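Colleague: I would like to learn how to read a model of this kind, one feature at a time. Could we start with the structure on screen?

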Amino acid sequence: MVLNSTAPSGIPDNITSPKSTSTECIIQWVPAENTGTDPDGWILGYKVYYNALNSSNVQTFTVTDANTTEVALSGLEEFENYVFHVVAFNVYGEGNVSQLGTCRTKEAGRNYRIKINRFIS
């Protein structure tokens with residue numbers, strides 16, 4: 001019996017960022033398929049690589065559960081564009097890179113106090 005001893009060949013798909021705050025982006029994806037017959041080749045988790053659009057400082061968020069398909073990237077800069085991609089990994093390494101996704105954090109809200117003197121009817 002020949003086992004397929006390679007990194008995952010499946011690619012995470014449908015990369016989206018459905019929600020953001022001023023310091024956080026929610027990232028979602030459709031999981032990559034497990035291929036091959038070697039259990040060691042099955043997907044163990046995902047890595048999300050991300051950075052601000054105008055920065056080369058790439059950061060990594062590692063998910064160690066193959067069933068997790070959503071993460072919250074926090075500690076981001078306010079009102080900034082971010083790019084990200086997702087990669088499945090197994091004991092042999094990382095697979096193919098997903099399509100590029102984007103997210104824009106929101107501008108932080110300001111708290112205003114409004115004093116109402118009277119209502120006009």
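Colleague: Are cysteine 25 and cysteine 103 buried or exposed?

Modeller: A residue is called buried under 20% relative accessible area, exposed over 50%, and partly exposed in between, with a 1.4 Å probe and protein chains only. Both cysteine 25 and cysteine 103 are buried. Before we go on, note that this is a predicted model, in which local features need pLDDT of at least 70 and side-chain atom pairs count only at pLDDT 80 or more, while totals for chains, interfaces and linings use all residues. Residues are numbered from 1 along each chain as its sequence is written, and side-chain values use heavy atoms, with hydrogens and water left out.

Colleague: How many disulfides does the structure hold?

Modeller: In general, a disulfide is a covalent bond between the sulfur atoms of two cysteines. The working test is a pair of cysteine sulfur atoms within 2.5 Å. The structure holds one. Cysteine 25 is joined to cysteine 103, with 1.9 Å from S to S. The angle about the S-S bond is -85°, and the link between cysteine 25 and cysteine 103 is left-handed. Cysteine 25 sits in strand S2 (residues 24-30) and cysteine 103 in strand S8 (residues 101-104), so the link ties together parts that lie 78 residues apart in sequence.

Colleague: How many helices and strands are there in the chain?

Modeller: Both are DSSP runs, numbered from the N terminus: helices are H or I with at least four residues, strands are E with at least two. The chain has zero helices and eight strands. Read from the N terminus, the order is β-β-β-β-β-β-β-β.

Colleague: How many salt bridges does a search of the whole structure find?

Modeller: The rule asks for a side-chain nitrogen of Lys or Arg within 4 Å of a carboxyl oxygen of Asp or Glu. The search finds one. In that salt bridge, the side chains of lysine 47 and glutamate 94 meet at 3.2 Å, N to O. Lysine 47 belongs to strand S3 (residues 45-52) and glutamate 94 to strand S7 (residues 93-97), so this pair ties together parts 47 residues apart in sequence. Lysine 47 is partly exposed, because its relative accessibility is 22%. Glutamate 94, at 34%, also counts as partly exposed.

Colleague: What does the side chain of serine 20 reach?

Modeller: First the idea of a polar contact: a pair of N or O atoms within 3.5 Å, where, within protein, one must be able to donate a hydrogen and the other to accept it, and residues adjacent in sequence count only if both atoms are side-chain atoms. Serine 20 is in strand S1 (residues 13-20), and its side chain reaches the backbone oxygen of arginine 104 at 3.0 Å. Serine 20 is buried, because its relative accessible area is 12%. Contact in the wider sense means heavy atoms within 4.5 Å. Setting aside residues up to four places away in sequence, serine 20 touches Cys25, Cys103, Arg104, Thr105 and Lys106. Serine 20 and threonine 105 are 85 residues apart in sequence, yet 5.6 Å apart in space from C-alpha to C-alpha.

Colleague: Where does serine 98 lie?

Modeller: Serine 98 lies in the loop between S7 and S8. With a relative accessible area of 7%, serine 98 is buried. A polar atom of its side chain is 2.8 Å from the backbone nitrogen of valine 86. Beyond four places in sequence, the contacts of serine 98 are Ile11, Pro12, Ile15, His85 and Val86.

Colleague: Which residues of the largest nonpolar core touch the most other members?

Modeller: Such a core is a set of buried Ala, Val, Leu, Ile, Met, Phe, Trp, Tyr and Cys residues joined through side-chain atoms within 4.5 Å. Here the largest has 19 residues, and Ile27, Trp29, Tyr46, Val48, Val71, Leu73 and Phe84 touch the most other members. S2, S3, strand S5 (70-74) and strand S6 (81-90) each give two or more residues to this core. Among the contacts of phenylalanine 84 are Ile27, Val48, Leu100 and Cys103.

Colleague: Which value does phi take in asparagine 14?

Modeller: Most residues other than glycine have a negative phi. Asparagine 14 has a positive phi, near 55°, and is found in strand S1. Phenylalanine 79, also not a glycine, has a positive phi of about 55°. Phenylalanine 79 is placed in the loop between S5 and S6.
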